[in-house]
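Try each task before reading its solution.

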Amino acid sequence: MATHVITGAGSGIGAAVAHRLHERGDEIVLHARDAGRAKELAAAFPGAKTLVGDLSDPGKLSWALSHQSLPDRVDSLLHIAGVVDLGPVGDLTAKTWHHQLNVNLVAPAELTRLLLPQLRAAQGHVLFVNSGSGLNAHAGWAAYGASKHGLKALADALRQEEHANGVRVTSVYPGRTASPMQAKVHQQEGKEYDPEKWIAPESVATTILMALDLPKDAEVNDLTVRPGR
Ligand SMILES: NC(=O)c1ccc[n+]([C@@H]2O[C@H](COP(=O)([O-])OP(=O)(O)OC[C@H]3O[C@@H](n4cnc5c(N)ncnc54)[C@H](OP(=O)(O)O)[C@@H]3O)[C@@H](O)[C@H]2O)c1
């Protein structure tokens, strides 16, 4: 049975992916920011294991994971957690920059480093949920866009480095998706939020599973998914 480690499984796209993998009977290890959130995830996904560590403090992840039991093999590591805080460069503080860079970029790099032996053992798959902002930066999106541009660089370098070890690497670039994050973006943009206008998290989950379920002779490098209406 395949084992998947998933970040961001408590909400939006990550929850949709976790439900799909849970329903089909795969083993899921759900990452949570703290013990309370891990308890909630364990209750929502019976039989799932959990891993605790705050992604906003990547320097502590190594210590946190060294005190928890990790799976021997990891078939996929799904980096789905993320944060956004909009604002013009003139208003973005160093704290806001650090928070987005830590959660969206440095923590995925550190978590990947810590789980690489288990990924190599399974000839596994690392999948990064990036964003349209990882390919094009727009006014008001500097910090988030920089974190996602960095995430693209991380994925592209890792893909080349791990190819010989049989580890596949995919970046998925969703457009606006109906989730609590998108509701916050609308609030910060001063716009009314209508979830019906945007991609359903389940559709992004389908895109992610498409890349994940491809046989090992093939690797999807990059997938862009945009609102269909
Ligand atoms: N929604 C969009 O329009 C959109 C578009 C393109 C790309 N994306 C990307 O898609 C991914 C998922 O976004 P979403 O829309 O599903 O967002 P979401 O509903 O806000 O979910 C974000 C998830 O990240 C977790 N998280 C945030 N900070 C964390 C921390 N410090 N430690 C551990 N976990 C943390 C949250 O944990 P809790 O559940 O504990 O809060 C939550 O589960 C993100 O990487 C986002 O950048 C989203």
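**Exercise 1.** Sort the lining of the second largest pocket by class: how many residues are nonpolar, polar and charged?

*Solution.* Start with the rule: Ala, Val, Leu, Ile, Met, Phe, Trp, Tyr, Cys and Pro count as nonpolar, Asp, Glu, Lys and Arg as charged, and the others, Gly among them, as polar. Applied to the second largest pocket, this gives three nonpolar, five polar and six charged residues. Next, the space: this pocket holds about 160 Å³. Its lining has 14 residues, and those closest to the centre are Ala 2, Asp 75, Arg 168, Leu 212 and Lys 216.

A pocket here is an open set of points on a 1 Å grid over the protein atoms alone, with protein on both sides within 12 Å along at least five of seven lines; a cavity is a set of points where a 1.4 Å probe fits but cannot get out, and lining residues have an atom within 4 Å of a point. Grid points are joined across faces, edges and corners, and a volume is the space filled by probe spheres set on the points.

Two notes on the model before you go on. It is a predicted model, in which local features need pLDDT of at least 70 and side-chain atom pairs count only at pLDDT 80 or more, while totals for chains, interfaces and linings use all residues. Residues are numbered from 1 along each chain as its sequence is written, and side-chain values use heavy atoms, with hydrogens and water left out.

**Exercise 2.** Describe the largest pocket: which element gives the largest share of its lining?

*Solution.* First, the volume: about 1,100 Å³ of space lies in this pocket. Second, the lining: it has 45 residues, and Ile 80, Gly 82, Val 83, Tyr 144 and Met 181 are the closest to the centre. Third, the elements: two or more lining residues come from each of helix H1 (12–23), strand E2 (27–32), helix H2 (35–44), helix H4 (94–121), helix H5 (142–162) and H6. Helices (H or I, at least four residues) and strands (E, at least two) are DSSP runs, numbered from the N terminus. The largest share, four residues, comes from H6. Finally, the classes: 19 lining residues are nonpolar, 20 are polar and six are charged.

**Exercise 3.** Look along helix H6: which of its residues are buried?

*Solution.* Helix H6 spans residues 180–189, and its buried residues are Gln 182, Val 185 and His 186. They cover an arc of only 100° around the axis, so they sit on the same side of H6. The arc is that of the directions from the helix axis to the C-beta atoms. Now turn to the face directed away from the buried side: it carries the exposed residues Pro 180 and Gln 187. Buried means under 20% relative accessible area, exposed over 50%, and partly exposed in between (1.4 Å probe, protein chains only). After H6 comes Gly 190, with a positive phi near 70°.

**Exercise 4.** Find the aromatic pair: what are the distance of the ring centres and the angle of the planes?

*Solution.* There is one aromatic pair in the structure. The ring centres of Trp 141 and Tyr 144 are 5.7 Å apart and their planes stand at 65°, so the pair is edge-to-face. For the cut-offs, rings of Phe, Tyr and Trp (its six-membered ring) pair if their centres lie within 6.5 Å; planes under 30 degrees apart count as stacked, over 60 as edge-to-face and the rest as tilted. Both Trp 141 and Tyr 144 are buried.

**Exercise 5.** Inspect the largest cavity: which residues line it?

*Solution.* The structure has one cavity of 30 Å³ or more, and the largest cavity has a volume of about 40 Å³. Its lining consists of Thr 7, Leu 55, His 79, Ile 80, Ala 81, Val 103, Ala 107, Pro 108 and Leu 111. By class, seven of these are nonpolar, two are polar and none is charged. H4 gives the largest share, four residues.

**Exercise 6.** Locate Gln 123: where does this residue lie?

*Solution.* Gln 123 is in the loop between H4 and strand E5 (125–129). Although Gln 123 is not a glycine, its phi is positive, about 45°. Its relative accessibility is 39%, so Gln 123 counts as partly exposed.
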